[in-house]
Amino acid sequence: MGQPTVGSNPTPSARTLAGMDDVAAMEVALAEAAAATAHGDVPVGAVVVHGGAVIAQRHNERELRQDPTAHAELLALRDASRALGTWRLDDCTLVVTLEPCVMCAGGLLAARIGRLVYGAADLKAGATASLYNVAADPRLNHNPPVTHGVLGDRAAALLTAFFTDRRTA
């Protein structure tokens, strides 16, 4: 679908998801992220939007499942594929609270996601802008547009609080 939108943080009215804007979708993802802490998982939430509606919403479940691949993004992509009956999610938007890691960036490319929106940058493991930029690699056959920084401060605050609590416990 073209090159990623680097450094873009459009206003909610400027970029909509056919009925649900990026901010509203991120609010759902943030609620999912908060739910992850109930079972000791890092608070990351993801939603998949299709046709203006959330069709999948998940949070990290690595600790809960004892599965290193149970990241919110991959779980949401799996649910969205089941809901639509196809692995091709080219008309969907993945909204996630934290910049995807290399594994999740690979997953969203494999799913041919139509667009990625994320909140907080991940300077240690981010694979769509911070550390790597897998989504913009011209050698790959799919380069979805990327919007970053949507409610990033709130997403980062959830993560900071989680890790602060873990260090002081």
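**Group meeting: a walk through one predicted chain**

I will start with F162, which is buried at a relative accessible area of 9%; buried means under 20%, exposed means over 50%, and partly exposed lies in between, with a 1.4 Å probe and protein chains only. The model is predicted, so local features need pLDDT of at least 70 and side-chain atom pairs count only at pLDDT 80 or more, while totals for chains, interfaces and linings use all residues. Residues are numbered from 1 along each chain as its sequence is written, and side-chain values use heavy atoms, with hydrogens and water left out.

Back to F162. A search of the whole structure gives one aromatic pair. The partners are F162 and F163, edge-to-face, with 5.0 Å between centres and 80° between planes. Rings of Phe, Tyr and Trp (its six-membered ring) pair when centres lie within 6.5 Å; planes under 30 degrees apart are stacked, over 60 edge-to-face, the rest tilted. F163 is partly exposed, at 36% relative accessibility.

Now the overall layout. The chain has five helices and seven strands, taken as DSSP runs numbered from the N terminus (helices H or I, at least four residues; strands E, at least two). Read from the N terminus, the order is β-β-α-β-β-α-α-β-α-β-β-α. Of the 169 residues, 48% are buried. Accessible surface for the chain is about 7800 Å², and carbon and sulfur atoms own 55% of that; these areas are Shrake-Rupley values with a 1.4 Å probe, and for residues only the protein chains shown count as cover.

How many residues does the largest nonpolar core have? It has 39, and V48 and L77 make the most contacts inside it. A core here is a set of buried Ala, Val, Leu, Ile, Met, Phe, Trp, Tyr and Cys residues joined through side-chain atoms within 4.5 Å. Elements that each supply at least two residues of this core include α1 (22-36), β3 (45-50), α3 (72-84), β5 (92-98) and α5 (152-168). Leaving out residues up to four places away in sequence, V48 touches A53, V54, I55, A56, A76, L77, A80, C92, T93 and L94, where contact means heavy atoms within 4.5 Å. Across the chain, of the contacts between residues at least 6 apart in sequence, 60% join residues at least 24 apart.

On the surface, V102, L131 and Y132 form a nonpolar patch with about 290 Å² of accessible area together. Patch members have over 30% relative accessible area and no salt bridge; like charges are joined within 9 Å, and nonpolar side chains (Val, Leu, Ile, Met, Phe, Trp, Tyr) within 5 Å. A salt bridge is a Lys or Arg side-chain nitrogen within 4 Å of an Asp or Glu carboxyl oxygen. V102 is partly exposed at 45% and lies in helix α4 (residues 102-110).

Then the loops. E61 sits between β4 (53-59) and α2 (62-65). Is E61 buried or exposed? It is buried, at 9%. Apart from neighbours within four places, E61 contacts H39, D41, Q66, A70 and L75. E61 and T37 are 24 residues apart in sequence, and their C-alpha atoms are 9.6 Å apart.

Last, backbone angles. Most residues other than glycine have a negative phi. R112, in the loop between α4 and β6, has a positive phi near 55°, and is partly exposed at 21%. L151 has a positive phi near 50°. L151 belongs to the loop between β7 (146-148) and α5, and is partly exposed at 22%.
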